[in-house]
2 protein chains.
Amino acid sequence: MTVHLPDECGCIDSAVCRQMPCAGKISELAEFFKNLSDPTRLAILCMLTHGDKCVCDIAETLGATQSNVSHQLRILKQSKLVKSTRDGKSVIYSLEDGHIRDVMETGLEHLMESL
Amino acid sequence: MTVHLPDECGCIDSAVCRQMPCAGKISELAEFFKNLSDPTRLAILCMLTHGDKCVCDIAETLGATQSNVSHQLRILKQSKLVKSTRDGKSVIYSLEDGHIRDVMETGLEHLMESL
DNA sequence: ATTACATATGTTCATCTGTTCATAAGTATA
DNA sequence: TATACTTATGAACAGATGAACATATGTAAT
């Protein structure tokens, strides 16, 4: 759906948001959250906050198939949430930057305080 | 999918997260983000940071049908992201608490810094 | 009571998503 | 090269999702 918010709209009333018109960013932000909205992907990101990991380790820890993990990692990589480097036979994945952790933490705080 | 992370896992390595085992919370957190992952719902939440609004105002501003907005508001209400009070013929919706705004802002910060 | 307005709900449908299976591609070692 | 190991990819399927339409419910005023 195409959202029609006026471009000059300050949207979220904060310093951050005043610099960033809503209409053009809503769909980007929604897509960002969508990447965090799947338990498998979120668990992967969560694991990677502990340190870099290869695909098979992620799969084993999660109890998921290698194929599924690889598919989800591709999504995470395309959306620039993770990056990867090859190490011999393995491919090591890591968080792209620290903001992902911040977002997850903020979300967790919300859950904790809305019991 | 059922994610198998050990319950004693500290998950996100922070004070907040050490108090909160991952396995049980991943799916909750994913569901929370899922509610923010739709442009219509996100735009509604964004609008409500400006102030409380009735359904028809939201629909008009968004260029969405009343039906669609009402459906999405029900989802947001069930997940305790918004609350509502009736005012005559209208029903006024407002953000349940301030954390939603925080999460959106943190997400926006991520978008800004990952250009 | 009737009419008008505002919101909620049920249903249907097209589309998207996550998962699995099978298999290909990349890499290292014997 | 042959083999084993690791990761990526393509196809197919079930289930979930968002939107639209029609209609019901709730509220106020005439």
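**Briefing: cysteines and strands**

At 22% relative accessibility, Ile92(B) counts as partly exposed. The model is predicted.

**Ile92(B) and its surroundings**
- Ile92(B) sits in strand β3 of chain B, which spans residues 90-95.
- Leaving out residues up to four places away in sequence, Ile92(B) touches Asp52(B), Lys53(B), Cys54(B), Lys83(B), Ser84(B), Thr85(B) and Asp87(B).
- Cys56(B) is 36 residues from Ile92(B) along the chain, and their C-alpha atoms are separated by 9.8 Å.

**Cysteines**
- A disulfide needs two cysteine sulfur atoms within 2.5 Å.
- For Cys54(A), the closest cysteine sulfur belongs to Cys56(A), at 3.4 Å, so the pair is too far apart for a bond.
- Cys54(B) is in no disulfide either; the nearest cysteine sulfur, in Cys56(B), is 3.4 Å away.
- Cys54(A) is buried, at 8% relative accessibility.
- Cys54(B) is buried as well, with a relative accessible area of 9%.

**Strand pairing in chain A**
- Strand β1 of chain A (residues 53-54) pairs with strand β3 of chain A (residues 90-95) in the antiparallel sense, over 2 bridges.
- Lys53(A) has Tyr93(A) as its bridge partner in β3(A).
- Strand β2 of chain A (residues 82-87) also pairs with β3(A) in the antiparallel sense, over 6 bridges.
- Val82(A) has Leu95(A) as its bridge partner in β3(A).
- β2(A) and β3(A) form a hairpin, with 2 residues between them.
- Gly88(A), in the turn, has a positive phi of about 65 degrees.

Key. Residues are numbered from 1 along each chain as its sequence is written. Chains are lettered from A and ligands numbered from 1 in the order in which they are written. This is a predicted model: local features need pLDDT of at least 70, side-chain atom pairs count only at pLDDT 80 or more; totals for chains, interfaces and linings use all residues. Side-chain values use heavy atoms; hydrogens and water are left out. Buried means under 20% relative accessible area, exposed over 50%, partly exposed in between (1.4 Å probe, protein chains only). Helices (H or I, at least four residues) and strands (E, at least two) are DSSP runs, numbered from the N terminus. Contact means heavy atoms within 4.5 Å. Two strands pair if DSSP finds at least two bridges between them.
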